[in-house]
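Please open the structure in your viewer and keep the selection panel at hand.

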Amino acid sequence: MNLKYTSPRGTKDVLPEETAKWRYIKTVARQVLNSFGYEEIIAPMFEHTDLFTRGIGETSDIVTKEMYTFLDKKGRSLTLRPEGTAGVVRAYLQNGLYTLPAPVKLFYIGSMFRYERPQAGRYREHVQVGVEAFGSDSAYLDAEVISAVVTIFTKLGLTGLTTQLNSIGCKECRPKYTEFLREHLIKNNSGLCENCKVRAEKNPLRILDCKEESCKKIVNEGKLSKMSEYLCGNCVSHFDGLKDGLKILKVNYKLNDSLVRGFDYYTGTVFEVHSEKLGAQTAIMGGGRYNNLVDEFGGEKTPAVGFGFGLERLVSVIDALEIKLPVENTLDLFIVHLGFSAMKKALELAAELRVSGKRVQMVYEEKNIKSQMKTADALKSGLVAIIGDNELRDGVVTLKNMVNGSQKQVKFENLKTELGG
RNA sequence: GCGGGUGUAGCUCAGUUGGUUAGAGCGUCAGAUUGUGGAUCUGGAUGCCGCGGGUUCAAAUCCCGUCACUCGCCCCA
């Protein structure tokens, strides 16, 4: 075959076998999040470009080189959303959701777009389930938010996950730490990688997360003070509260001093969940607290916390763990017909049964019985109804149980009750 | 943006130091005395050997380019 078109780089088709898994995961996520009091919000897939550049941070990698930005016909700069939080914050403000009792708990399921080089677990379009809770600064809310994802993952049967935790400080204490880092790193910048030399100036926190051996060395062996030593009193007690909350909620975690996230809006709590089953991209969930974003977007000062997890990565973990999700794709009835009038009768019967929600299939050509039986078997139909001249004459079908092979005659009008509904 | 690997049937892959009609398994379609599936057997169909160029009497095979996929760096879900 000479394909004229292929899907764009970094995108993929999710085929029926896999959509069943996606559907199941989304259902579980919705149930769990509803039980935690979250309601679904559907925000646009594209927004004004400024929303992201201001929200995510003008120097972040995502904004500087990974956004799908385009001009519309009136010359407005729009961008396909690279993440979900900025749009939800915008919607929260624009629709006056701050008048609802706090905390306002929202979740979304949708595609995110980033112009990245594709590799295992990384696509240019990926689907995220995300959560945002507005209007409470309680550490127990942070703990509960983390517990919500963990609950989803547990319900799906995931194992081998680690939840990592850090506090990157607030407006009060973080600048002092970044200043310390900057000074220290500029003094000793000879060992830093090219990227980090720039980061030392612009965003020294990111160096903590650098994977270059030389930078790791400087970070680990340089007796560098940790952010934790610079945390202000509020941040310390908040972080303690979080750990306490996680204990109450029975969520295991690991502290990770060098956990920093790629969006500039985070304050205080940051967290990620990693799976050993993924390739180089081991994070399946990431999130944290962002107490300044709402007022940066023009609202009242409103503390908030949220996370997002990626469905593609989640599914690959599920597959790697060989977890069989309870996805049913069997057929209730396959109708085999012999002869033209039998085919028309089959068409009619199938339509009647489908009204009551039965999954019914048939073929639309006059084929021999053997071939139709094979098809019924391939489609995993539990029951097969056979209609030939004899059945038409008597007003019945021959109903065959495909599991044990037994057969019986069932009147047309009784077929529905025979199928249990 | 930077590196490594791979492109042969719908899928997984084989294809010998370049040599004539390019193969296997799975799947698909048809059939095995005519109204009964899963097993087995028989037969059929399907390939611009990713694309373009070059070397050669001769290229799936060697060289260059290109595109795509893939893995990693970066970043992130």
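Why are α1 and α5 described as oblique to each other? Begin by selecting helix α1, residues 16-35, together with helix α5, residues 139-155. This is a predicted model, and in it the axes of the two helices come within 9 Å and cross at roughly 140°. Angles over 145 degrees would count as roughly antiparallel, and those from 65 to 115 as roughly perpendicular; α1 and α5 are therefore oblique to each other. Their crossing is right-handed.

Next, display the side chains where these helices meet. On α1, select Val-28, Ala-29, Val-32 and Leu-33; on α5, select Ala-148, Thr-151, Ile-152 and Lys-155. These residues make the contact, and by class six of them are nonpolar, one is polar and one is charged.

**The hairpin**

Select strand β3, residues 68-71, and strand β4, residues 77-80. The two strands run antiparallel and are joined by four bridges. Find Tyr-68, which stands opposite Leu-80 in β4. Then follow the chain through the turn: five residues lie between β3 and β4 in this hairpin. Among the residues of the turn is Gly-75, which has a positive phi of about 80°.

**The open sheet**

Now turn to the open sheet of eight strands. Moving across it, the order is β1-β5-β6-β11-β10-β9-β7-β8, and the pairing is mixed. The edge strands are β1 and β8 (254-255), each of which pairs on one side only. In general, strands of a sheet pair through backbone hydrogen bonds, either parallel or antiparallel.

Within this sheet, select strand β10, residues 283-289, and strand β11, residues 304-310. They pair in the antiparallel sense over five bridges.

**Confidence**

Finally, colour the model by pLDDT. Where in chain A is confidence lowest, and where is it highest? The lowest confidence is in helix α8, residues 213-221, at a mean of 69, while the highest is in strand β1, residues 39-40, at 98. For chain A the mean pLDDT is 90, and 96% of its residues reach 70 or more. For the complex, the predictor gives an ipTM of 0.84 and a pTM of 0.90.

Methods. Residues numbered from 1 in each chain as written. Chains lettered and ligands numbered in written order. Axes fitted to C-alpha atoms, helices over the stretch in contact; angles between N-to-C directions. Parallel < 35°, antiparallel > 145°, perpendicular 65-115°, else oblique. Left-handed = near helix turned anticlockwise from the far one by under 90°. Contact = placed C-beta atoms within 7 Å. Nonpolar A, V, L, I, M, F, W, Y, C, P; charged D, E, K, R; others polar. pLDDT = per-residue confidence, 0-100. Pairing = 2+ DSSP bridges.
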